[in-house]
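Trainee: I am new to this structure and would be grateful for a close look at a single part of it. Please set that part within the whole before turning to the detail.

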Amino acid sequence: MRSYRSKAAPMLKPTVPMNRRLLLGGLVAAPLVLRFGHAQAQGGAYVFPLGVASGDPAPDGFVIWTRLAMNPVAPDGLGGMGGPVAVRWDIAADEGFHRIVAAGEATADASNAHSLHIEVEGLRLDRPYWYRFTALGQQSPVGRARTAPAPNADIDRLRLAVASCSNWESGYFSAYGHMADEAPDLTLFLGDYIYEYTRTGAQAANVVRPYGLEEATTLAGYRNRYALHRTDPDLQRLHAVAPCLAVWDDHEIQDDYSGVWSKTPGVSPNDFLSRRAAGYKAFYEAMPIRRTRLDARLQMPIYRRVRYGRLAEFFMLDGRQYRSKQACSDGPNGGKGQVVTDAACPDRLDPARTFLGFEQERWLCDGLARSQAQWNILGQDLVMAGLRFGDGGAETRYWTDTWDGYPVARDRMTEALATLKPRNPVVLSGDYHSFWTNDVKRVSADPASATVATEFVGTSISSSGPPYDALMANMPNNPQIKFFDSRVRGYMSIEMDRHRMNTRYRAISDVRDPKAAVSTLNSWVVEDGRPGAQAA
C-alpha cells in the first residue's frame, strides 16, 4: 500500500490581514453563526453549513477539510453549488489568528462535491493550531487541530475519544457533544458514520428524526447522507475541537456486505462494485483523510499507520473492502448467511479465506514487527475476540459477519501478536452497538490459550443495541468476554500514559433527548506489559 505521507498543498506566505469582520476569533470566542454554521452571510446562503474537520495528524502537519454547500441535501448530491469556487485557507498559531503561519488557495469544484482536503506540512511538532476557510466572501467555522509528536519523542499522556454507529433516525448525537466537551487529543471513528437505509412502514414507528432520503445506492445518495449528518451541531463541534482517524464498516455502503459481494441475493459482484465505488468516493469527500482514490479495480486504500511519539502507534484497519465472501453465503453472488453452525459451514475454517486481505495482513504484520511504541492500537470495525452462541457443543453457532466468520485469518493475526511481541497490543472495535471488554486469545477456539491482546468494543452513538438478555445467556461459554452491555448508547473515553491505559465506558442518559446527560458506566485498566483488562 502506498504511504499516506502525501505532498502538501501549495503554501503561501502570510498575507495582509483580511477584513476585520472575517477575523472573528477562535472556536470558543466565535459567534454562534460561525461556530455552527446555521446562518447566512453577506446576503447569500451560508456556504459552510457542514463545518470543518481535521485528521491524519503527522509531526509537521495534518489534513484540514471542509465542503461548500448552499443546499446540503440537494437531490443531485452537489449541495446546491455550481462551478468552481476559489477557497482560501489559513493556519494560525493562536485562536485569534493574529499569527498566521501557513495559508494558501485551493479550488473546490463539482468533481469532489466542492469538498477540500488540504494536506498541511512544515508546522512545528506536538502543538495546537487553528484553521479556517474563506470563500465567496464568507468565513467557515474555526477548527482546532494538533500536530503529532516526533516519532521518538517521550510524551506523558494521550487522550482518545472513540465512536461508531451513528444512525440519524435512531436518535440525537448528544454523545458527540460530550466527546467534544472532553477535548480529546484524537478522535477515532470506527465505522458506520452514516447509515445507508431509511426505515419505512412498521420499522419507522420508532424513528426519532427521519432521514427524509431514499436508500443510498448512488453517489448523490451517499453524499447527501454525509451532508445531513454534518449539519448536526454536536458532530460539527467534535470535528472542530480535535483531529480524527476514520475508517469505515458496512453501513457506509450496505449492511453486511463483504468485499465485492452484496448481501442481496442475485446481485453480481460487478454490479455491486459500482455501488461500492460510489460509497467509497463519498466517504473520501466527507472525511479529513489524506489523498486516496479509486483505482482501476475500484478499490480505495484507507488503511494506515499513525505514530504518536514513543507512546502509541495506531494501525487503522479496513475490515470490509478486501475480505472473502461471508462463510456459507447463500448463492454464487452473495446473500447473507449470518449465523451458522460449524457442521453446516465447512468453508468457515478454510485457510484460503481472509478478513483483511492478504496484502493488508502482510502490511500489518510488518508494522507490528517494526513498532517501537509503548502501546500498539488496532483501530478496526468488528468484534475480534469472538462470541459462541449456544452451549459450546456440536450446535455452537457463530456470527459469521465478524472475525468469527474468519477464524483461521484471526489465528494468523493472533499468532503474529504472540511471536512478534509488539508491546501492549490493544484492539479498539465498533459495530455491535454494545460495550465489551475482551481477552484476545492466541487460539480463538481455545479460551484457555494465552491472552495476546486486550479488546475494547464501544457501543453505538445512537443505533439500538442487540437483545441484552439473549446475549448474556451465552456468556458462561465465553470466558474471554469479561464484560458486556448492550442497553446503553455512548462512546469510549481513553487515557494512556507510559504505565497504563484507562478506558471509560461513557453512557448517554436518553438518545431521544438532544440534551442528554452522560455518565461513566464503568472503567477498565490495562497495565504496561500485562495483556488483559482489569476493572478499575
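Mentor: The protein carries 61 positive and 59 negative side chains, and the centres of these two sets lie 6 Å apart. These values, like those that follow, come from a predicted model. Along the principal axes, the C-alpha atoms fill a box of roughly 75 × 55 × 45 Å. A compact globule of 536 residues would have a radius of gyration near 24 Å, and the 22 Å of the protein agrees with this. Buried residues account for 62% of the 536. The protein exposes about 19,600 Å², of which carbon and sulfur atoms supply 53%.

In general, the strands of a sheet pair through backbone hydrogen bonds.

For contrast, consider a residue elsewhere in the chain. D513 lies 172 residues from T341 in sequence and 41 Å from T341 in space, C-alpha to C-alpha. The loop between β23 (500-508) and β24 (518-527) holds D513. Because its relative accessibility is 30%, D513 counts as partly exposed. Leaving aside residues up to four places away in sequence, D513 touches Y172 and S174.

Note on methods:
Residues are numbered from 1 along each chain as its sequence is written. This is a predicted model: local features need pLDDT of at least 70, side-chain atom pairs count only at pLDDT 80 or more; totals for chains, interfaces and linings use all residues. Side-chain values use heavy atoms; hydrogens and water are left out. Helices (H or I, at least four residues) and strands (E, at least two) are DSSP runs, numbered from the N terminus. Buried means under 20% relative accessible area, exposed over 50%, partly exposed in between (1.4 Å probe, protein chains only). Contact means heavy atoms within 4.5 Å. The radius of gyration is taken over C-alpha atoms; the globule rule is 2.2 Å times the number of residues to the power 0.38. Accessible areas come from the Shrake-Rupley method with a 1.4 Å probe; for residues, only the protein chains shown count as cover. Lys and Arg count as positive and Asp and Glu as negative; His and the chain ends are not counted. The place of a charge is taken as NZ of Lys, CZ of Arg, CG of Asp or CD of Glu.
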